[in-house]
Amino acid sequence: MQGRENSDGSLVDRAILDLLYPKDCAYSSETGGKMKNLRVLTNDQVMRYHKENYTPDNVMFVLTGNVEEGKFLSALDKVELSVKQKSGGDGGIVPKVQGGRPWIHHVIPDMDLNAVGVMPPPPTSSSMEIEKDEKKEKPLEIFFPTEEESRGTVSIAWRGPMSDQRSTWINLSLLWTYLTDSAASPLQKAFVECDDPLCA
């Protein structure tokens with residue numbers, strides 16, 4: 001875990017999530033946990049978290065393939081009955097933590113547009129002019145341990161549309177493929193396939 005947390009990819013991803021979703025937003029959570037937090041966790045804290053969040057009312061099943069619905073639901077009824085019996089008949093449901101469920105009841109905070117690494121939005125009109133601010137236009141540099149000093153990473157990120165906006169996601173996916181997919185792509189030519197490459 002510690003080795004992965006200090007790799008270039010993980011350090012860059014961590015910085016990007018902190019910029020996109022600041023102020024302890026659930027979307028910036030580290031799914032495996034951060035070492036500084038894992039080192040001080042107690043068994044009681046882990047057990048309390050599981051009791052509050054791993055409950056039958058907080059489960060989602062994703063069923064794929066050629067499955068008979070009736071057989072699946074019948075098997076699911078047996079699992080549900082077993083869970084209720086183990087928890088004294090109430091299904092293990094406990095009062096939710098104050099503040100609601102992460103990712104559902106969580107309010108996504110605005111990005112800090114003054115943070116280093118966050119680029120200012122473009123003008124909304126051709127007549128508008130943006131006052132130049134070197135701090136706002138400076139990329140965030142992340143240093144990482146490596147034996148290869150010529151290696152680097154360039155990462156670009158932004159908040160995307162809502163998950164149900166499928167057409168927009170498809171369009172963005174096509175655009176990203178065009179920009180990055182091959183050595184002839186614009187971003188590859190600008191950052192990699194050039195006389196003085198910035199990354200590999």
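The legends below describe close-up views of a predicted model.

**View 1. Confidence along the protein chain.** The protein chain has a mean pLDDT of 79, and 80% of its residues reach 70 or more, pLDDT being the predictor's confidence in each residue, from 0 to 100. Among the elements of the chain, the lowest mean pLDDT, 74, belongs to helix 1 (residues 2-5), and the highest, 94, to helix 6 (residues 166-180); helices here are DSSP runs of H or I with at least four residues, numbered from the N terminus.

**View 2. The pair of Tyr21 and Tyr27.** Rings of Phe, Tyr and Trp (its six-membered ring) pair if their centres lie within 6.5 Å, and planes under 30 degrees apart count as stacked, over 60 as edge-to-face and the rest as tilted. By this rule the count comes to 2 aromatic pairs. In one of them, the ring centres of Tyr21 and Tyr27 are 5.4 Å apart and the planes stand at 35°, so this pair is tilted. Tyr21 counts as buried at 17% relative accessibility, whereas Tyr27, at 36%, counts as partly exposed (buried means under 20% relative accessible area, exposed over 50%, partly exposed in between, with a 1.4 Å probe and protein chains only).

**View 3. The pair of Trp158 and Trp176.** Trp158 and Trp176 form an edge-to-face aromatic pair, with 5.5 Å from centre to centre and 75° between the planes. This pair links distant parts of the chain, 18 residues apart, since Trp158 lies in the loop between helix 5 (69-86) and helix 6, and Trp176 in helix 6. Trp158 is partly exposed, with a relative accessible area of 47%, and Trp176 also counts as partly exposed, at 34% relative accessibility.

**Notes to the views.** Residues are numbered from 1 along each chain as its sequence is written, and side-chain values use heavy atoms, with hydrogens and water left out. In this predicted model, local features need pLDDT of at least 70 and side-chain atom pairs count only at pLDDT 80 or more, while totals for chains, interfaces and linings use all residues.

Terms used. Helices (H or I, at least four residues) and strands (E, at least two) are DSSP runs, numbered from the N terminus.
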